[in-house]
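Trainee: I'm new to this one. Could you walk me through it, a question at a time?

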Amino acid sequence: MNYFHWIAGCTLGLAWIWRLLEAALGVPKIADISGSEWDREPPFRGGVPRVSIIVPARNEEADIEATLTRLLTLEYDNYEIIALDDRSTDRTGEIMERIAVAAPGRLKVIRIAVLPAGWMGKPHAMWKAGNQASGEWLLFTDADVLFKPDALRRALAYAECETADHLVLFPRMIMKRPGEKMMIAFFQTLFVFGHRPWKVADPKTRDHIGVGAFNMIRRRVYEAVGTYQALRFDVLDDMKLGKVVKNAGYAQRNVFGADLISLRWAKGAMGVVDNLTKNFFAIMSFQWPRALASCCALAFLNLMPFAGVWLAHGWARLGYAVALFSMFSIYVGMSTQSDIPPYYFVLHPVSTALFVYTMLRSTFLTLWRGGVLWRGTFYALEELRKGMV
């Protein structure tokens, strides 16, 4: 048994310490545009470009007013807002229209009554808005994102200085319950382990990024990669937009921004579970063997260090201890960019179990239903598999 712990401990220790070192060296390279150096006018070449901010919404009456009101106070002159009421059954459209009356020429509302065959709702709304947008830049965001007045100006200053074609701004998560902090802390740790945001700018790597809260792309690049029509039936449309941009060889950047944009992603731990149930099986390309293997890998990677440090004896504990130290150090690093204290590390095993449960739940429900049910619309599994990018 001690041989097992030596092998498992060394494997886990090396895996975690390697990712910690990569993150420690890489994350500082990611710009933070909330700093004073980016509080300036963008260095435009050939005039001030128009920006089209696209906000799709379906049954978002609780958040859409705050989102649109904030967007109307941006410190930038040449922009338009296109808000889409995508088949809402609540007061979303009514609220949009009321705000638009008070902002003529700035806010345009589009009503979508029917979803065409072969499309998911959100990609269709994005595509429809893109067709009517007049901007040289397109900014795709969500209906629950709160913008500070200088967010767009700072983002454009960075994008123009870096000659970026696609810019992602990480949002500040608003978390009001311990369960939200626990789950989002794990999600961020998993993201750091599975992705390398510090490598996104490197054209020699395949690392890419996309975030639904802030995907800003030059219009010519958006059209060159096939518009949202190329993503018309992809569950992970925000991340896949980043993938097609990077694969096409365009310049991609991601940045921190403190609370330049913020949102409350979920309410409580189970709210995070519900939000991810739609996505997790899609991340596994709708392949159940891959999903089950990922559950085993998640459990081994994240639970075994906690168990092994108690089960092993003597020096066989060393690898597990290194893994736990590296994990905790990642939590400490994340606390500098979020409101999650490092001591949430002690809840890592609980969040691991919930994430494994979420993967199994996503897989089971998708296979049992024969597709994904999201915001009242059913999408067949056969079509989802065909529509993956």
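Mentor: Axes are lines fitted to C-alpha atoms, for helices over the stretch in contact, and angles run from 0 to 180 degrees between N-to-C directions. Helices (H or I, at least four residues) and strands (E, at least two) are DSSP runs, numbered from the N terminus. Keep in mind that this is a predicted model, where local features need pLDDT of at least 70, side-chain atom pairs count only at pLDDT 80 or more, and totals for chains, interfaces and linings use all residues. Residues are numbered from 1 along each chain as its sequence is written, and side-chain values use heavy atoms, with hydrogens and water left out.

Trainee: Which residues of α12 does α6 meet?

Mentor: Contact here means heavy atoms within 4.5 Å. On the α6 side you'll find M182, M183, F186, F187, T189 and L190. Their counterparts in α12 are H348, V350, S351, T352, L354 and F355.

Trainee: What is the angle between α6 and α9?

Mentor: The axes of α6 and α9 are 7 Å apart, and the two helices pack at about 45°. That makes α6 oblique to α9. G179, E180, M182, M183 and F187 of α6 touch A269, V272, V273 and L276 of α9. The angle you asked for is about 45°.

Trainee: How far apart are the end C-alpha atoms of α6?

Mentor: Helix α6 covers residues 178–194, which is 17 residues. The expected span is 1.5 Å times one less than the number of residues.

Trainee: Is P178 buried or exposed?

Mentor: Buried means under 20% relative accessible area, exposed over 50%, partly exposed in between (1.4 Å probe, protein chains only). P178 is found in α6, and its C-alpha atom is separated by 8.9 Å from that of Y344, 166 residues apart along the chain. With a relative accessible area of 54%, P178 is exposed.

Trainee: Which elements cover the buried residues of α6?

Mentor: The buried residues in α6 are G179, E180, M182, M183, I184, A185, F186, T189 and V192. Their cover includes α1 (2–26), β7 (172–173), α9 (269–283), α10 (288–311), α11 (318–335) and α12 (348–369).

Trainee: Which residue of β4 stands opposite I54?

Mentor: Strand β1 (residues 51–57) and strand β4 (residues 137–140) run parallel and are joined by four bridges. I53 stands opposite L139. For I54, the residue opposite is F140.

Trainee: Which residue of β8 stands opposite L138?

Mentor: β4 and β8 run antiparallel, with four bridges between them. Both faces of β4 are covered, with W137 and L139 buried on one side and L138 and F140 buried on the other. The residue opposite L138 is I217.

Trainee: How many disulfides does the structure hold?

Mentor: A disulfide is a pair of cysteine sulfur atoms within 2.5 Å. The sulfur of C295 has its closest cysteine sulfur in C296, 6.9 Å away, too far for a bond. C295 is buried at 7% relative accessible area, whereas C296 is exposed at 57%. The number of disulfides is zero.

Trainee: Where is T163 placed?

Mentor: Most residues other than glycine have a negative phi. T163 has a positive phi, near 50°. T163 is partly exposed at 47% relative accessibility. Its place is in the loop between α5 and β6.

Notes
Two strands pair if DSSP finds at least two bridges between them. Angles under 35 degrees count as roughly parallel, over 145 as roughly antiparallel, 65 to 115 as roughly perpendicular and the rest as oblique.
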